[in-house]
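This report describes side-chain packing and pairing in a single protein model. Please examine the sequence and structure shown here before reading on.

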Amino acid sequence: MTLFRNNPRIRCLALIALAVAFAGFAPAAGPVVGLILNAEQAADLSAGKPVAARYVAAVEKAGGSVHFFVIGDDAPGRLGKVDAIDALLIPGGDDIAPDRYGQEPDPRLETVEPALDALESALFKAARDRGMPVLGICRGCQFINVCHGGTLFQDIPTGYRRKPAVSHRRKEGETYLRSDHAITIRSGSVLARATGATRLTVNSYHHQGLDRIGGGLTVTARSSDGLPEAVEGKRGPFLLGVQFHPERDFENTPPFEGIFRAFLAAAERYRNGKPTPKPREGARPRE
Ligand code: MN
């Protein structure tokens with residue numbers, strides 16, 4: 001002990017050995033979830049402001065971490081960053097440009113961001129090509145449907161008129177407020193297993209809705225007016241889109257937390273089976 005206390009070199013080596021031992025026992029970091037940011041969020045990110053805080057908190061609570069994708073990450077040669085993630089999360093946001101599903105803009109179409117649509121489309125394809133789990137929330141759910149060849153109601157109040165009417169979004173002045181409504185979930189579906197429920201009250205903020213369902217997808221939840229509230233892939237790796245926002249209330253809504261747990265469990269399975277990415281012949285090193 002005297003030697004340890006009096007010899008700074010030995011003390012230093014002992015501390016290094018201790019640190020190495022602890023690092024060896026530290027649990028491995030969880031799966032990495034790619035999260036897509038719009039232009040405004042990307043600007044906040046580069047200004048050092050926190051972005052997409054609720055999504056990040058929900059992913060971290062379920063044992064994962066987040067890697068942000070910003071517009072420009074779909075430029076040629078940059079999509080290699082997809083190999084650094086284990087799952088893709090397409091979050092909520094503005095409307096989707098209707099030319100993506102072969103329609104002219106409705107007069108009630110709201111803000112669209114075609115550069116964001118392009119980024120999401122490229123990332124969705126790259127993720128699915130690799131067999132990666134994908135979770136779409138609100139706009140992300142709609143985007144999954146569009147990527148599968150489906151269409152949207154550009155404005156639910158005027159485009160979707162089945163009764164009884166359900167409020168999917170409330171507006172006061174220029175502010176959009178949450179609306180709560182019930183959904184019925186198909187038993188045995190990914191969503192039913194993740195939430196442990198076949199009937200659930202959800203928050204609702206969406207302007208657009210799913211009209212024709214894309215090939216390879218199946219509706220697994222509806223509100224009482226019949227509007228789709230969730231879609232899943234009929235086969236293949238985890239693919240779930242929900243119209244509501246589980247990231248907003250996951251702390252006090254166990255079924256919502258369950259969605260992130262199921263998503264992260266799928267990401268973990270993908271990570272464990274993922275082959276180590278090899279650089280292609282003649283490929284430039286990644287930045
Ligand atoms: Mn809704």
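## Salt bridges

A salt bridge is counted where a side-chain nitrogen of Lys or Arg lies within 4 Å of a carboxyl oxygen of Asp or Glu. The model under discussion is predicted, and by this criterion it contains 13 salt bridges. One of them joins Asp73 and Lys81, with an N to O distance of 3.4 Å. Asp73 counts as buried because its relative accessibility is 3%, under the 20% limit. Lys81, at 22% relative accessibility, is instead classed as partly exposed.

Another salt bridge, at 2.9 Å from N to O, connects the side chains of Lys125 and Asp129. Both residues belong to helix 5 (residues 114-129), where they are 4 residues apart, about one turn of the helix. Lys125 and Asp129 are both exposed. The side chains of Arg178 and Asp180 also meet in a salt bridge, with an N to O distance of 2.8 Å. Arg178 is partly exposed, with a relative accessible area of 29%, and Asp180 is likewise partly exposed, with a value of 46%.

Is Asn203 buried or exposed? Asn203, a residue of strand 9 (residues 199-204), is buried, with a relative accessible area of 0%. The side chain of Asn203 makes a polar contact with that of Asp249 at 2.8 Å. The Asn203 side chain also reaches the backbone nitrogen of His245, at 2.8 Å.

Leaving aside residues up to four places away in sequence, Asn203 touches Arg178, Ser179, Asp180, Phe244, His245, Arg248, Asp249 and Phe256.

## Aromatic pairs

A pair of aromatic rings is described by the distance of the centres and the angle of the planes. The structure holds 4 aromatic pairs. One of these is formed by Phe244 and Phe256, whose ring centres are 5.4 Å apart and whose planes are at 25 degrees. The pair counts as stacked because the angle between the planes is under 30 degrees.

This pair links distant parts of the chain, 12 residues apart: Phe244 lies in the loop between strand 13 (239-242) and helix 9 (246-249), and Phe256 lies in helix 10 (residues 254-273). Phe244 is buried, with a relative accessible area of 0%. Phe256 is buried as well, with a value of 2%.

## Nonpolar cores

In soluble globular proteins, nonpolar side chains tend to be buried together. Which residues of the largest nonpolar core touch the most other members? Among its 37 residues, these are Leu89, Leu135, Ile137, Leu191, Phe244, Phe260 and Phe263. Helix 10 supplies the largest share of this core, 7 residues. A second, separate core of 18 residues includes Leu88, Leu123, Phe124 and Leu239.

The contacts of Leu135, not counting residues up to four places away in sequence, are Leu88, Leu89, Ile90, Phe238, Leu240, Ile259, Phe260 and Phe263. Phe244, named among the residues with the most contacts to other members of the largest core, also takes part in the stacked pair with Phe256.

Methods
Residues numbered from 1 in each chain as written. Predicted model: local features only at pLDDT ≥ 70, side-chain atom pairs only at ≥ 80, totals over all residues. Heavy atoms only, no water. Phe/Tyr/Trp six-rings, centres within 6.5 Å; stacked < 30°, edge-to-face > 60°. Helix = DSSP H or I, 4+ residues; strand = E, 2+ residues; numbered from the N terminus. Buried < 20%, exposed > 50% of the residue type's maximum accessible area, 1.4 Å probe, protein only. Polar contact = N/O pair within 3.5 Å; in protein donor to acceptor, adjacent residues only side chain to side chain. Contact = heavy atoms within 4.5 Å. Core = buried A, V, L, I, M, F, W, Y, C linked by side-chain atoms within 4.5 Å.
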